Amino acid sequence: MCGWRGPAWRRLRVASDMRLILALCACAVAAPVSAQNYRGVVLGQPISDSVPTPVGTEVAAPFAYTLWAFEDEGLSMSATADSETGDVVYLEMWRSLTEGTQRAPFGGMYFGETTRGDLAERFGSEGIVFENRGRFAEVGPLAVYFISYEIEGSDTIVSFVTVQPLAEASEETADASVLDSVIVADGAYLDLAWGVNRGRLPDYTPIADPFE
């Protein structure tokens, strides 16, 4: 994908992540999902001809990757789909600007402003943990945090990725990290890519569909 620029947490890791996913996923992922969508791209369905024109595509079987840029809003979006059926298994939207704030796909959330603490308060817990992804990673100069939830009534996961400068990161300051990207994905796909063991943190329950 020419000129690929992913969200901050993936910019230094996208190539290794793709190799991991390809190694784990020798067959297509198929699981029932709700009609979650970003900008008309619907999880569990092929990408419609009516969605905005992408800025790049890449096929690395068994998956196809598509990238969109909404430069007037300072946002970017990617979709990962089964390369044979076209069904989307992973959607991600992120801020492509590091200055200011941009509206996130769910009401009341803003990239660059909504914090990890805000998310835990809104959804009642710090979510679930995938064994191979964990809750924290160091990516270049950034501390990156993952706070994920199952959407009730489906096998869909929404994962919020928050960041802060690594030099400022500590257990005490983690809740001040700000939203950088939002992922909505088929649970079976994330089980393969991020690890099957979805550890539940205290007070966790699946959340209502934030798209509704």
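Trainee: What are the ground rules here?
Mentor: This is a predicted model, so local features need pLDDT of at least 70, side-chain atom pairs count only at pLDDT 80 or more, and totals for chains, interfaces and linings use all residues. Residues are numbered from 1 along each chain as its sequence is written, and side-chain values use heavy atoms, with hydrogens and water left out.

Trainee: How do I read confidence, and where is it lowest?
Mentor: pLDDT is the predictor's confidence in each residue, from 0 to 100. Where it is low, the predicted coordinates should not be read in detail. Here the chain averages 84, and 83% of the residues score at least 70. Helix H1 (residues 14-24) is lowest, at a mean of 40. Helix H2 (residues 116-123) is highest, at 97. Over residues 11-34 pLDDT stays under 50. The model has 49 contacts beyond four places in sequence for that stretch; contact means heavy atoms within 4.5 Å.

Trainee: How many helices and strands are there?
Mentor: Both are DSSP runs, numbered from the N terminus: helices are H or I with at least four residues, strands are E with at least two. The protein chain has three helices and 14 strands. Of its contacts between residues at least 6 apart in sequence, 58% join residues at least 24 apart.

Trainee: How is burial judged, and what share of the residues is buried?
Mentor: Buried means under 20% relative accessible area, exposed over 50%, and partly exposed in between, with a 1.4 Å probe and protein chains only. In this chain of 212 residues, 50% are buried.

Trainee: Take Leu91. Is Leu91 buried or exposed?
Mentor: Leu91 has a relative accessible area of 0%, so Leu91 is buried. Its place is in strand E6 (residues 88-95). Beyond four places in sequence, its contacts include Tyr38, Leu43, Ala79 and Ile183. Val42 is 49 residues away along the chain, with 8.6 Å between the C-alpha atoms of Val42 and Leu91.

Trainee: Which side chain does Glu150 join by a polar contact?
Mentor: A polar contact is a pair of N or O atoms within 3.5 Å; within protein, one must be able to donate a hydrogen and the other to accept it, and residues adjacent in sequence count only if both atoms are side-chain atoms. The side chains of Glu150 and Arg200 make one at 2.7 Å. Glu150 is in strand E11 (residues 142-151). Its relative accessibility is 11%, so Glu150 counts as buried. Glu150 also touches Tyr204 and Pro206, among others.

Trainee: How are aromatic pairs described, and how many are there?
Mentor: A pair is described by the distance of the centres and the angle of the planes. Rings of Phe, Tyr and Trp (its six-membered ring) pair if their centres lie within 6.5 Å; planes under 30 degrees apart count as stacked, over 60 as edge-to-face and the rest as tilted. The structure holds ten pairs. Phe123 and Phe160 are stacked, at 5.6 Å centre to centre and 20° between the planes. Phe123 is in helix H2 and Phe160 in strand E12 (residues 156-165), 37 residues apart. Phe160 is buried at 0% relative accessibility.

Trainee: Why is the pair of Phe146 and Trp194 edge-to-face?
Mentor: The planes of Phe146 and Trp194 stand at 65°, with the ring centres 6.1 Å apart, so the pair is edge-to-face. Phe146 lies in strand E11 and Trp194 in helix H3 (residues 187-194), so the pair ties together parts 48 residues apart in sequence.
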